[in-house]
Amino acid sequence: GGPMQVSVAFAEQQAKDRYECHAWAVQQTGYDPTKPREGDLADPAGQKRVEYQRAMGACLDGRGYTVK
């Protein structure tokens, strides 16, 4: 396996981690950015979105990703 295979495996792992962190953050906060209309009605001030992003960041950080 050359470097290309490594990056493909990494991209797949990253996608899996992002998906799992997304699902966890939604569970933690009740906010799902993939359903914006529903989320906006439930979250007029954007507070849940901030909480979601914080949860997502903490989850990715815990898996060794650097979150900017």
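Trainee: How many aromatic pairs does the count come to in this structure?
Mentor: The model is predicted, and that holds for every value here. A pair needs ring centres within 6.5 Å. By this rule the number of aromatic pairs is two.

Trainee: What angle lies between the planes of phenylalanine 10 and tyrosine 65?
Mentor: A pair of aromatic rings is described by the distance of the centres and the angle of the planes. For phenylalanine 10 and tyrosine 65 the centres are 6.5 Å apart. The pair counts as tilted, with an angle between the planes of 45°.

Trainee: How many residues apart in sequence are the parts that this pair ties together?
Mentor: Phenylalanine 10 belongs to helix 1, while tyrosine 65 sits in the segment after helix 3. The pair therefore ties together parts whose separation in sequence, in residues, is 55.

Trainee: Is tyrosine 65 buried or exposed?
Mentor: Phenylalanine 10 has 47% relative accessibility, so this residue counts as partly exposed. Buried means under 20%. Tyrosine 65 has 15% relative accessibility, so its class is buried.

Trainee: Which two cysteines form a disulfide?
Mentor: A search of the whole structure finds one disulfide. Its sulfur atoms are 2.0 Å apart, and the residues are cysteine 21 and cysteine 59.

Trainee: Is that disulfide left-handed or right-handed?
Mentor: Cysteine 21 lies in helix 1 and cysteine 59 in helix 3, so the bond ties together parts that are 38 residues apart in sequence. Cysteine 21 and cysteine 59 are buried. The torsion about their S-S bond is about -75°, so the disulfide is left-handed.

Trainee: What covers the buried residues of helix 1?
Mentor: Helix 1 has 27 residues and reaches 38 Å from its first C-alpha to its last, close to the 39 Å expected. Its buried residues are Asp17, Cys21, His22, Ala25 and Thr29. What covers them includes helix 3.

Trainee: Which backbone oxygen does the side chain of threonine 29 reach?
Mentor: Threonine 29 is in helix 1. At 10% relative accessibility, threonine 29 counts as buried. Leaving out residues up to four places away in sequence, threonine 29 touches Lys48, Glu51, Tyr52 and Ala55. At 2.7 Å, its side chain reaches the backbone oxygen of alanine 25.

Trainee: How far apart in space are valine 26 and alanine 55, C-alpha to C-alpha?
Mentor: Valine 26 is in helix 1. Valine 26 touches Tyr31, Asp32 and Tyr52, not counting residues up to four places away in sequence. Valine 26 and alanine 55 are 29 residues apart in sequence, and their C-alpha to C-alpha distance is 8.6 Å.

Definitions and conventions
Residues numbered from 1 in each chain as written. Predicted model: local features only at pLDDT ≥ 70, side-chain atom pairs only at ≥ 80, totals over all residues. Heavy atoms only, no water. Helix = DSSP H or I, 4+ residues; strand = E, 2+ residues; numbered from the N terminus. Buried < 20%, exposed > 50% of the residue type's maximum accessible area, 1.4 Å probe, protein only. Polar contact = N/O pair within 3.5 Å; in protein donor to acceptor, adjacent residues only side chain to side chain. Contact = heavy atoms within 4.5 Å. Expected span 1.5 Å × (residues − 1). Phe/Tyr/Trp six-rings, centres within 6.5 Å; stacked < 30°, edge-to-face > 60°. Disulfide = S-S within 2.5 Å.
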